[in-house]
Every structure is written in structure tokens, then in C-alpha cells.
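Colleague: I would like to learn how to read a structure like this one. Could you take me through it feature by feature?

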Amino acid sequence: MTQPPKTPLHPATIAAHAAGQSDPDTGGVVPAVHMATTFARAEDYSLLNADNVYLRSHSENTRMAERVLSALEKAAETLLFPSGMAAVAAVFRTVPNGASVVVQSQIYWGTTAWIRSFCERRGIDLHEVETADPQALEAACAAHKPAIVWVETPSNPWLRVTDIAGAARMAHAVGAKLVVDSTAASPVLSQPLAHGADMVMHSATKGINGHSDVLAGSLSVNDTEAPIWQMIRADRDTAGAVLGPMEAWLLLRGMRTLPLRMREMSRNAMALAEYLSDHPQVESVLYPGLPVHPGHATAKAQMSGGFGGLLSFVVRGGAAPALRAVGRMQVFQRATSLGGVESLVEHRHTIEPHTGIPEGLLRLSVGIEDVDDLIRDLAQALGQ
Ligand code: PLP
């Protein structure tokens, strides 16, 4: 690592320089990939490097990526996991059998489905509540005294916005920890810990990596002594849900352009949201950057630099015209996931038909292409 700078750096500089991490052995400005799974001891059995015993516990590439994420998230510590879902599971595994949890309703379907099944197996009392509605959240906290309140903001694919500071107050009033899945915002556009969240979770598969070629997840906290964090850290170490060195290295490389990508994706998404809002074939547009969005004021207060690349809209006439438009798209690729440099489109009702998603809803993950190409593609696909 090079000497830390005297004045605090801005996120774009921290990211571009990988928080000052390079390769001290060769002078390379890019760190090496350290693939060794085990580390040698000297004749007197002392470790050659006191920080390294075995890769499951000690990965230099993982530590490097964690340092950058902590700096961007303004967190004291970050732990990486081999997927976003592994990070979700790490949090819920700390909940004692028989306790209760409050989880936002209609969030990423994979999270909901896994939490439901886990809570059932473990006898945990699960309450799904629309946390974007503060009254509903306050009532649920008061009635159920949860161990954890789980919020996803902006939510996928409904783009609902939960007031993080308000949710933190309500959770803390009953002794709960507030965990925020901030995947759609990325650590560039929002830092939930600064608004009172106890923990931030990301699917780093999405914007953080940004190139649709690494699966990873992260958890970040400020209170590194909290029992929940000690449990998560020990469990990752011994149960082994760790990221491989190559994935960690790729993540570090991807993050060098994270602020740049999030800015461009947000700008493109805003332009598409405005374009779609005026389109006769479009019933509604869900994007927190639009002043008419019910969560706009809250999003503006807790996000900065843009509203992200995730956007949903409802095509008039339901499933048939929506699927017809999807089939015609030439620049947007038909695929799940979000946060990559390439734009994607998804008909969520096909994936989760029983969760209340409107049949005409299309979810866009807006990339960094030229916005004119994206608008032209939507225009020809929608027939205008
Ligand atoms: N959280 C959100 C908001 C997501 O969109 C996803 C994946 O789509 C996940 C969590 C799960 O992350 P992963 O696919 O990296 O396991």
C-alpha cells in the first residue's frame, strides 16, 4: 500500500486508485492475484507473515476489495461473500430460533423465497411488511419486536424507497438491527450507515462489479464489536462462504470505474424514465428520480449523484404487448440481473408469476451505452 494521503479523497479517486493498493513486491500499479491456499512457517514454527495462515481465513485479494468497499461505503469493516445470497444468509443465520424478523415485502424474489424457507425451517417468526410505508413499519416493529428489520432500497423491481433514518429509529426503538440491501443504489449513490442503518448488504454481482462476470456479495458495518458482526465474521471463517482470489481481484478492478459507471447509468436511466413517461404505450414508470415518484423526496434526501440504473415500466395492455416489445429489442439484452455496463430487459411476471408483479411490467437495467441508441431501441420495440 502507498502512503495514505493527507486530505480525505473523493470516492472517484479512492475507486480509481483501489484505495492506494498496488503490488509492493514488483512496483506494479495493479495488485497481483494471490492464489496460495496455505502459507509457510519458519524453522521455529512462527508464521513467515503473521497475517496469513490459510486462504479460507486470509485472502489478500479479498482484503483489498473489502478495503475499497469500506472506504466507499464509509464503513469500519466489510466482509465479502461468494454471492449476494450468501451475504443475506450470513445475516439471517445469526437470528435465534423462535425470534421474529421484519422483512420488506415485494423485494428481490430470491431474497424473499430463501428467507421464507429459512424462517420456516428454523421456527423464526417472519413478518413481511411494506417498509416504504412508515406507519406499517412502526406497527410491525411495535407488535413483533423483531431481531432484524430488512429493507431493500430502492427495491427490485418495484423501485420503492424506504426512509433509512426513519426505519433505523423504529428498529432501534425495539432493539432490532436495521439491515439495508443497497444493491440498486451501490455505495456510490447511498451510504445507509450514515443514515443510521446497522449493516449494509450488496449483491456485488451487480453495479459494484459492473461487468456481469463476477458473483459476489458484501456486508459492511461501523460497529465491528457488535455480537451480530462477530457471529457473521466467525461463521464466514469457519463455515467457509468466502470469495476466491480471482473473483476478488476482478471485483477490485471493476470497482475502479464504479463512480463513473453509476453516474452514467443514472443519467441514462433518468433520460429513459422521462422518455417513457411521455410514451402513449406506457401506463406508468417506476423510477425514484422522477419528481412524481412517491419516494422521490426520500430518495433525494438519502441518495446523491443519481438514482441508479434500475427502472421498471408498465406497458399498456398487459403481458402480450410487453412480451412483444421485449422480443423486438435489439440493444437491450433479454436477461436477468442488473448493474452491468450493458443494458438488460426482463419480463419479471414470467419469472415470478405469483407475487403481484403486473403482467405488463418490464424491468430495465440501464447500462452505459449511448442514450440515443437506448431510446431508439425502446421506441422501435414499443412501436413509436
Ligand atoms: N439483492 C438484490 C436486490 C438483488 O437484485 C439480488 C440479485 O439479483 C440479490 C440480492 C442476490 O444477489 P446474488 O445474485 O449475487 O446472489
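Predicted model: local features only at pLDDT ≥ 70, side-chain atom pairs only at ≥ 80, totals over all residues.

Colleague: How many residues surround the ligand, and which are the closest?

Modeller: A residue is near a molecule if one of its heavy atoms lies within 4 Å of it. Here 15 residues surround the ligand, and G84, M85, D181, S203 and T205 are the closest. Helix 3 (84–92) and strand 6 (199–203) each supply at least two residues of this shell. Helices (H or I, at least four residues) and strands (E, at least two) are DSSP runs, numbered from the N terminus.

Colleague: How do the residues of the shell divide into nonpolar, polar and charged?

Modeller: Ala, Val, Leu, Ile, Met, Phe, Trp, Tyr, Cys and Pro count as nonpolar, Asp, Glu, Lys and Arg as charged, and the others, Gly among them, as polar. The shell has 5 nonpolar, 7 polar and 3 charged residues.

Colleague: Let us turn to strand 2. How many of its residues are buried?

Modeller: Buried means under 20% relative accessible area, exposed over 50%, and partly exposed in between (1.4 Å probe, protein chains only). In strand 2 (residues 100–104), 5 of 5 residues are buried. S100, V102 and Q104 are on one side and V101 and V103 on the other, so to read it by the cut-off, both faces are covered.

Colleague: Which strands does strand 2 pair with?

Modeller: Two strands pair if DSSP finds at least two bridges between them. Strand 2 runs parallel to strand 3 (residues 125–129), with 5 bridges, and parallel to strand 4 (residues 148–152), with 3 bridges. V103 stands opposite E128 in strand 3 and opposite W150 in strand 4. From strand 2 the chain passes through helix 4 (residues 109–122) to strand 3, a right-handed β-α-β crossover. Right-handed means that, with the strands pointing away from the viewer, the path from the first strand over the helix to the second runs clockwise.

Colleague: What is the strand order in the open sheet of 5 strands?

Modeller: The order is 8-9-12-11-10, with mixed pairing. Strand 8 (282–286) and strand 10 (333–334) are at the edges with a single partner strand each, so one side of each has no neighbour in the sheet. Strand 9 (residues 310–315) and strand 12 (residues 361–365) are antiparallel, joined by 5 bridges. L311 has L364 in strand 12 as its bridge partner.

Colleague: Is Q302 buried or exposed?

Modeller: Q302, in helix 11 (residues 296–302), is buried, with 8% relative accessible area. Its side chain reaches the backbone oxygen of T162 at 2.6 Å and the backbone nitrogen of I164 at 3.0 Å.

Colleague: Which peptide bonds are cis?

Modeller: The bond from T153 to P154 is cis, with omega near -10°, and the bond from N156 to P157 is cis, with omega near 10°. P154 is in the loop between strand 4 and helix 6 (164–173), and P157 also lies in the loop between strand 4 and helix 6.

Colleague: What is the phi of Y45?

Modeller: Y45 is not a glycine, yet its phi is positive, about 70°. Y45 is exposed, at 60% relative accessibility.

Notes. Residues numbered from 1 in each chain as written. Heavy atoms only, no water. Polar contact = N/O pair within 3.5 Å; in protein donor to acceptor, adjacent residues only side chain to side chain.
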